[in-house]
Amino acid sequence: MNPVHLETLLAIVDEGSFDVAAAVLGISPSAVSQRIKALESSTGRVLLRRATPVTATEAGEILVQSARRMALVQAETDARLGHRLARVPLSVAVNSDSLATWFRRVLSDTARRGDVALRIRIEDEARTLAMLRRGDVLGAVTREATPVSGCESSFLGTMRYFPVAAPHIAESFHNGHLTWETMPLVGYGPNDQVLDDAMRERFIDSAVVRARVSQIPSSEGYLEAVRVGLGWGLLPQAQALPLLAAKELVLLDDSPLDIDLYWQRWRLESEVLSELTRSVLEAASDLVAT
């Protein structure tokens, strides 16, 4: 299979557009189209959905996986040959809470290496595995223990979340003036599996509380929204404990939510991917509650 065609396919999927991929590759849009037509002709499959953004079909995802592996091998080869300013691109999927807490050490480790361009995709930990399966990323922090085909899985630890609120909200709740279904609530977004799990454990009807939910799609913004009293929320242990100690937040009950996390990565002979995995495992052993 023509490696140039695979490189073009990967560029289109990463950029979401034929035109932008053409600019990145330094060729004309018509040349990009011709390469994809040739690749689709040789495979006998439609590989891309021509929508906005452009996405890979099921058959295309298989080739994207191969293309990303090839790109990693080529980048590592260039780095070993000492090409000036050569950096190895590593795309990984991480949930926002992990990135805001224990995963920061991974950023520091990667910076010290100096030869990796880390490209992080933010997604809920219950959904990152789909990105790995599609070939969008080479590694992912996920809830799923069972490895994706072609990948290996390592247990990271258990991330603990506490149900907390500003003191005035907690006081009203504990005195019986508010219930779980009448309290204002802060969610990360429409796909907040952590909050969904916490609500399910407390028998909270999501349809009933929908009008009282504020959505803050940022870990730092979410933390601040809960701290100032926009509503109650679930905060990871590393963020919650200092605010609880300072009495800026109060526990609503003594039932924390524990979520097991795993690191899944493609099974490749890659020094930089192995080093990244080592860094992820060490960071998680230090900073994730067990």
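Mentor: Start with a definition. Helices (H or I, at least four residues) and strands (E, at least two) are DSSP runs, numbered from the N terminus. This is a predicted model, with residues numbered from 1 along each chain as its sequence is written; local features need pLDDT of at least 70, side-chain atom pairs need pLDDT 80 or more, and totals for chains, interfaces and linings use all residues. Side-chain values use heavy atoms, leaving out hydrogens and water.

Trainee: How many helices and strands does the protein have?

Mentor: By that definition, the protein has 13 helices and eleven strands. Its C-alpha atoms fill a box of roughly 70 × 40 × 30 Å along the principal axes.

Trainee: Where is Pro53, and what is the peptide bond from Thr52 to Pro53, cis or trans?

Mentor: Pro53 sits in the loop between strand 1 (48-49) and strand 2 (55-56). Omega from Thr52 to Pro53 is near 0°, and the bond is cis. Most peptide bonds are trans, and most residues other than glycine have a negative phi.

Trainee: Which phi value does Phe203 have?

Mentor: Phi of Phe203 is near 55°, a positive value in a residue that is not glycine. Phe203 belongs to the loop between helix 9 and helix 10 (206-209).

Trainee: Why is Phe203 called exposed?

Mentor: Set the value against the cut-offs. Buried means under 20% relative accessible area, exposed means over 50%, and partly exposed lies in between (1.4 Å probe, protein chains only). Phe203 has 75%, so Phe203 is exposed.

Trainee: What makes Lys247 exposed?

Mentor: The relative accessibility of Lys247 is 67%, so Lys247 counts as exposed. Lys247 is in the loop between helix 12 (237-245) and strand 10 (250-251). Its phi is positive too, about 60°, although Lys247 is not a glycine.

Trainee: Why does Tyr262 count as buried?

Mentor: Tyr262 has 15% relative accessibility, so Tyr262 counts as buried. Tyr262 lies in strand 11 (residues 257-266).

Trainee: Which residues does Tyr262 contact?

Mentor: Contact means heavy atoms within 4.5 Å. Leaving aside neighbours within four places in sequence, the contacts of Tyr262 include Arg143, Glu144, Phe155 and Leu156. Ser274 is twelve residues from Tyr262 in sequence, and their C-alpha atoms are 15 Å apart in space.

Trainee: How do you know that Asp197 is buried?

Mentor: The value for Asp197 is 13% relative accessibility, so Asp197 counts as buried. Asp197 is part of helix 9 (residues 193-201). Beyond four places in sequence, Asp197 touches Arg143 and Leu257.

Trainee: What share of the protein counts as buried?

Mentor: Of its 290 residues, 46% count as buried.

Trainee: What makes a set of residues a nonpolar core?

Mentor: A nonpolar core is a set of buried Ala, Val, Leu, Ile, Met, Phe, Trp, Tyr and Cys residues, joined through side-chain atoms within 4.5 Å. The largest one has 62 residues, with the most contacts inside it made by Trp102, Trp232 and Leu234. Strand 6 (residues 151-165) gives the largest share of this core, seven residues. Apart from it lies another core, of 19 residues, including Ile12 and Leu39.

Trainee: Why are helix 1 and helix 2 called oblique?

Mentor: Axes are lines fitted to C-alpha atoms, for helices over the stretch in contact, and angles run from 0 to 180 degrees between N-to-C directions. Under 35 degrees is roughly parallel, over 145 roughly antiparallel, 65 to 115 roughly perpendicular, and the rest oblique. The axes of helix 1 (residues 3-15) and helix 2 (residues 18-25) come within 8 Å and cross at roughly 125°. Helix 1 and helix 2 are therefore oblique. Glu7, Thr8, Ala11, Ile12 and Glu15 of helix 1 meet Phe18, Val20, Ala21, Val24 and Leu25 of helix 2.

Trainee: What makes helix 2 and helix 3 roughly perpendicular?

Mentor: Helix 2 and helix 3 (residues 29-43) have axes that come within 8 Å and cross at roughly 105°. The two are therefore roughly perpendicular to each other. The contact involves Phe18, Asp19, Ala22 and Leu25 of helix 2, and Pro29, Val32, Ser33, Arg35 and Ile36 of helix 3.

Trainee: How many residues of this contact are nonpolar, polar and charged?

Mentor: The contact of helix 2 with helix 3 has six nonpolar, one polar and two charged residues. Here Ala, Val, Leu, Ile, Met, Phe, Trp, Tyr, Cys and Pro count as nonpolar, Asp, Glu, Lys and Arg as charged, and the others, Gly among them, as polar.
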